[in-house]
Amino acid sequence: MSSQALVFQTPVKPVNAETWPVDDIVALFALPFNDLLYRAQQVHREYHNPGEVELATLLSIKTGGCSEDCGYCPQAARYDTGVTAQKMLPLETVLQAAREAKAHGANRFCMGAAWREPKDRDLEKVEEMVREVKALGLETCATLGMLGEGQAEKLKNAGLDYYNHNLDTAPEFYGDVISTREYQDRLNTLERVRNVGIKVCCGGIVGMGESRRQRAGLIAQLANLDPYPESVPVNNLVQVEGTPLHGTDPLDPLEFVRTIAVARITMPKARVRLSAGRRQMGEAVQALCFLAGANSIFYGEKLLTTGNPEVDEDRALLEKLGLRARGTAIDARCDVTPS
Ligand code: SAM
Ligand code: DTB
Ligand code: SF4
C-alpha cells in the first residue's frame, strides 16, 4: 500500500452526505497524530490563507451575578469564586475598550454579558453599543445568553455581525454540567440568530471530564448544524476555584490539539478559534493548534473574568510563527522554491 493510501483511508464526509456520524468523528480523533494534523492542514490550506489569524477582543459588559448553574463558570452567582457582580458598563467605557482593541489591531470586538437572557431594556443599551462599535470599523459580536422572540432581529438591525452562543458539550454530557437550561434552548437561540441573518459563533469547552466520544459528540452537533457555524470557539476549561469543575483532571494538551484538527476537518470553511485556556498552554501547544487549523484567537489580556496572554506576548508569538493578523496579511500561500 502506498503512503498516500494510508493517509486517505480515513473517513471523509461523502460529498452529498447530510451529516457527520459521531463514529466517523471518533475515527478522526483516533488517527495517528501526524496523519490527523496532515489532513487538517490540507483542509486548512484548501479553504483559508494559512498565514492569517483573526484577532477577536472580548469585553465583559456585565459581569457576574448570573442566575445559571454552568459548572465551569466563575460568573454564576451561586458559586463562591471571588467574582463580584457589576452593573452593565456605560457606553463610553465600552467604546474606549473598543477603540483600544482597534488600535491594537483587533478584527472583532465581542461583548459578553453574564445573563441567562437579556431583558428588553438591557438589550436596548447593547444595541446602542453594537451601533457605535460597528461605526469604529470593527466587526461586532455579542454573547448575552438565550434570545427571545424579536431580540435577534433587534440586534441584527443594530448591525450585529456575529452572535456567540455555545453548545458547550455533547448532549449526553450536558446534564452533568448545567441544569438550569436545556440543550434544546441553546439550539432554539441559534436558530433565531440564523433566521435573522446574523452569523453564528458557536463552539464549546473541552477538559470538563468528558470522554473522547463526548468531545466527538460536541463536534458532530456543531458540524451537523445546517449550515455549520461561521465561527467555532474551542475553549479549554479554565479551572476557577469555587466552581464545581475546579479540580477536574486537565485534558492532555495533544487531545486539545486533536479537537482543533477535527473541528477544522469537519467544518472546513469555519474560523476555528483557539479560545480560552491559552495562558495555561504554552507556545508549543498553541503552535500545534495553528498547524491543526486554528485561525482565530481571543486577543487582549483578559477573557471575561480570567486572564489571557498579553497583547505583546501574542504579537511576539505570531511573529515567531510567521503568522499575521487577518487583514494585514499578504497572501502567505507563497511557494518558497529553493534556487
Ligand atoms: N451568559 C452567556 C451564555 O452563557 O451564553 C454569555 C457568556 S458565557 C461566559 C460564554 C461562554 O464562555 C460559555 O458558553 C462557555 O462556553 C465559555 N466559558 C465560560 N466559563 C468558562 C471557563 N471557565 N473556561 C472555558 N470557557 C468558559
Ligand atoms: C467563548 O467561547 N469563550 C469566551 C467567549 N466565547 C465569550 C469566554 C471564555 C470565558 C472564560 C472564563 C472567563 O474569563 O470568565
Ligand atoms: Fe451565566 Fe453564561 Fe456563566 Fe452560564 S456561562 S453561569 S449563563 S454567565
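Guide: Happy to. The residues around ligand 2 are L58, P74, T143, N164, N166, P233, N235, F298, L303, L304, T305 and T306. Sorted by class, that shell holds six nonpolar and six polar residues, with no charged ones.

N166 places a polar side-chain atom 2.8 Å from an oxygen atom of the ligand. For T305, the distance from a polar side-chain atom to a ligand 2 oxygen is 2.7 Å. T306 also takes part, with an N or O atom of its side chain 2.8 Å from an oxygen atom of ligand 2. Taken alone, ligand 2 exposes 410 Å², and the protein buries 87% of that area. As for its location, ligand 2 sits in the largest cavity.

Now to ligand 1, which also sits in the largest cavity. It is surrounded by 16 residues, and the closest are Y72, W115, N166, D168 and V238. The class make-up of the ligand 1 shell is eight nonpolar, six polar and two charged residues.

A backbone N or O atom of Y72 lies 3.0 Å from a nitrogen atom of ligand 1, and W115 has a backbone N or O atom 3.1 Å from a nitrogen atom of the ligand. R181 contributes through its side chain, where a polar atom is 3.2 Å from an oxygen atom of ligand 1. On its own, ligand 1 has 550 Å² of accessible area, of which the protein covers 90%.

That leaves ligand 3. The space it takes is, once again, the largest cavity. Around ligand 3 you will find C66, E68, C70, Y72, C73, A76, A114, W115 and R181. Seven of these residues are classed as nonpolar and two as charged, with no polar ones in the shell.

Before you work with the coordinates, a word on confidence. The protein chain averages a pLDDT of 93, and 92% of the residues score at least 70. Two stretches stand apart from that picture. Over residues 1-8 the pLDDT stays under 50, and the model gives this stretch five contacts beyond four places in sequence. Residues 331-339 also stay under 50, with seven such contacts in the model. Where pLDDT is low, the predicted coordinates should not be read in detail.

Technical notes: Residues numbered from 1 in each chain as written. Chains lettered and ligands numbered in written order. Predicted model: local features only at pLDDT ≥ 70, side-chain atom pairs only at ≥ 80, totals over all residues. Heavy atoms only, no water. pLDDT = per-residue confidence, 0-100. Contact = heavy atoms within 4.5 Å. Near = heavy atom within 4 Å. Polar contact = N/O pair within 3.5 Å; in protein donor to acceptor, adjacent residues only side chain to side chain. Areas by Shrake-Rupley, 256 points an atom, 1.4 Å probe, with all protein chains shown as cover. 1 Å grid on protein atoms, 1.4 Å probe; cavity = no way out; pocket = protein on both sides within 12 Å on 5 of 7 lines; lining within 4 Å. Sits in = over half its atoms within 2 Å of the grid points. Nonpolar A, V, L, I, M, F, W, Y, C, P; charged D, E, K, R; others polar.
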